[in-house]
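Look at the structure, then read on.

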Amino acid sequence: MFHTPSSSWRRRTGLRVLVLDEDPGSRRMMAFLIAMRGHRCATVDSADSAFESIEEFRPDATIDDWSRRGGALRGFGQEVRSRYGYVRGLVVTSCIDEPREFQAEEGVDSYFTKPLAMGDVITRVELIVRS
């Protein structure tokens with residue numbers, strides 16, 4: 001059985017962040033940067049794996065490289081929100097026409113467009129979880 005730790009516990013031990021990306025190199029880099037900031041990270045390469053990992057890992061936030069799928073799994077953020085309301089979401093993408101509509105449609109808290117600075121992504125995750 002899992003429980004969602006209190007916010008004071010999170011401040012002492014860092015956040016739990018789940019990274020969803022098909023590219024192994026991007027997953028390793030993101031996991032390294034997250035660990036360097038004192039947080040725990042789990043990485044997956046598919047939405048199915050992500051849902052399994054959310055059940056076990058209980059992340060505070062997800063980082064999803066949406067553009068890699070060409071829109072094939074739009075709505076992933078909404079599904080995560082409906083199943084696990086406490087999980088914050090950040091999307092990394094290279095294709096957004098209407099940023100506000102995208103954020104609302106996808107059910108995410110924030111997004112980054114490529115190219116991006118990885119350190120900025122981690123800072124944004126910290127901010128959305130603590131807000």
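The questions and answers below cover salt bridges and then the cavity.

This is a predicted model, so local features need pLDDT of at least 70 and side-chain atom pairs pLDDT 80 or more, while totals for chains, interfaces and linings use all residues. Residues are numbered from 1 along each chain as its sequence is written, and side-chain values use heavy atoms, without hydrogens and water.

Q: How many salt bridges does a search of the whole structure find?
A: A salt bridge is a side-chain nitrogen of Lys or Arg within 4 Å of a carboxyl oxygen of Asp or Glu. Searching the whole structure by that rule gives a total of 4.

Q: Which residue meets glutamate 126 in a salt bridge?
A: Glutamate 126 sits in helix 6 (residues 118–130); helices are DSSP runs of H or I, at least four residues, and strands are runs of E, at least two, numbered from the N terminus. The N to O distance to its partner is 2.7 Å. That partner is arginine 37.

Q: Is glutamate 126 buried or exposed?
A: Buried means under 20% relative accessible area, exposed over 50%, and partly exposed in between, with a 1.4 Å probe and protein chains only. Arginine 37 has 37% and counts as partly exposed. Glutamate 126 has 13%, so the term is buried.

Q: What separation along helix 4 do glutamate 79 and arginine 83 have?
A: Their side chains meet in a salt bridge, 2.8 Å from N to O. Glutamate 79 is partly exposed at 33%, and arginine 83 is partly exposed at 45%. In helix 4 (residues 76–83) they are 4 residues apart, which means about one helical turn.

Q: Which residues are linked with Asp109 in a network of salt bridges?
A: Arginine 81 pairs with aspartate 109, with closest N and O atoms 2.5 Å apart. Arginine 81 lies in helix 4 and aspartate 109 in the loop between helix 5 (99–106) and strand 5 (110–113), so the bridge ties parts 28 residues apart in sequence. The residues networked with Asp109 are Arg81 and Arg88.

Q: Which element gives the most to the lining of the largest cavity?
A: A cavity is a set of points on a 1 Å grid over the protein atoms alone where a 1.4 Å probe fits but cannot get out, and lining residues have an atom within 4 Å of a point. The lining has 14 residues. Strand 3 (61–65), helix 4 and strand 4 (88–93) each supply at least two. With 4 residues, the top contributor is helix 4.

Notes:
1 Å grid on protein atoms, 1.4 Å probe; cavity = no way out; pocket = protein on both sides within 12 Å on 5 of 7 lines; lining within 4 Å.
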